Amino acid sequence: MLSKNRIAIIGSGNLGTSIAGGLIKENFPPSNIFLTRRKTELLEIFAQKGVHIGSDNIKAVQSADIIIIAVKPYKISEIIEEIAPHVQVNQLLISVVSGISIEK
């Protein structure tokens, strides 16, 4: 069941927080969500709902079953290089980054 999974959303700007908000609206447990972004103070509303927030992408990846990458296209290479050594074969990696091919 999806609600037993832990989801990390890397890059919790407009798109990332919209995904998190939709999950919560559909009764996904907030405590199973980890949001990251540089300005964590912008995620306080989610922290008040029980969502884990932070700026440590590696910690988020290590605590997740599903990893959603929602960063700006110019940041994708940097983020992939940062988290790649920590992604495990049993984790699902989803990108919602526009304009970036699978090959890239």
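Strand β1 (residues 7–10) runs parallel to strand β4 (residues 66–69), and four bridges join them; strands here are DSSP E runs of at least two residues and helices H or I runs of at least four, numbered from the N terminus. Within this pair, I7 stands opposite I66 in β4. The model is a predicted one, in which local features need pLDDT of at least 70 and side-chain atom pairs count only at pLDDT 80 or more, while totals for chains, interfaces and linings use all residues. Residues are numbered from 1 along each chain as its sequence is written, and side-chain values use heavy atoms, with hydrogens and water left out.

The two strands belong to an open sheet of five strands with parallel pairing, in the order β3-β2-β1-β4-β5, where two strands pair if DSSP finds at least two bridges between them. Because β3 (52–54) and β5 (92–95) are the edge strands, each with a single partner, one side of each is left without a neighbour in the sheet. On average, neighbouring strands of this sheet are turned by 15 degrees against each other, direction ignored.

The largest pocket holds about 660 Å³ of space. A pocket is an open set of points on a 1 Å grid over the protein atoms alone, where a 1.4 Å probe fits, with protein on both sides within 12 Å along at least five of seven lines; lining residues have an atom within 4 Å of a point. Of its 25 lining residues, G11, R38, A70, V71 and K72 are the closest to the centre of the largest pocket. Helices α1 (14–25) and α4 (76–83) are the elements that give two or more residues to this lining.

The second largest pocket has a volume of about 300 Å³, a volume being the space filled by probe spheres set on the grid points, which are joined across faces, edges and corners. Its lining comprises 13 residues, with I76, I80, S95, I100 and S101 nearest the centre. Both α4 and β5 give two or more residues to the lining of the second largest pocket, and α4 gives the most, with four residues.

K49 lies over the face of F46, at 5.6 Å from the ring centre; the criterion is NZ of Lys or CZ of Arg within 6 Å of the ring centre and within 35 degrees of the ring normal.

Note on methods. Axes fitted to C-alpha atoms, helices over the stretch in contact; angles between N-to-C directions.
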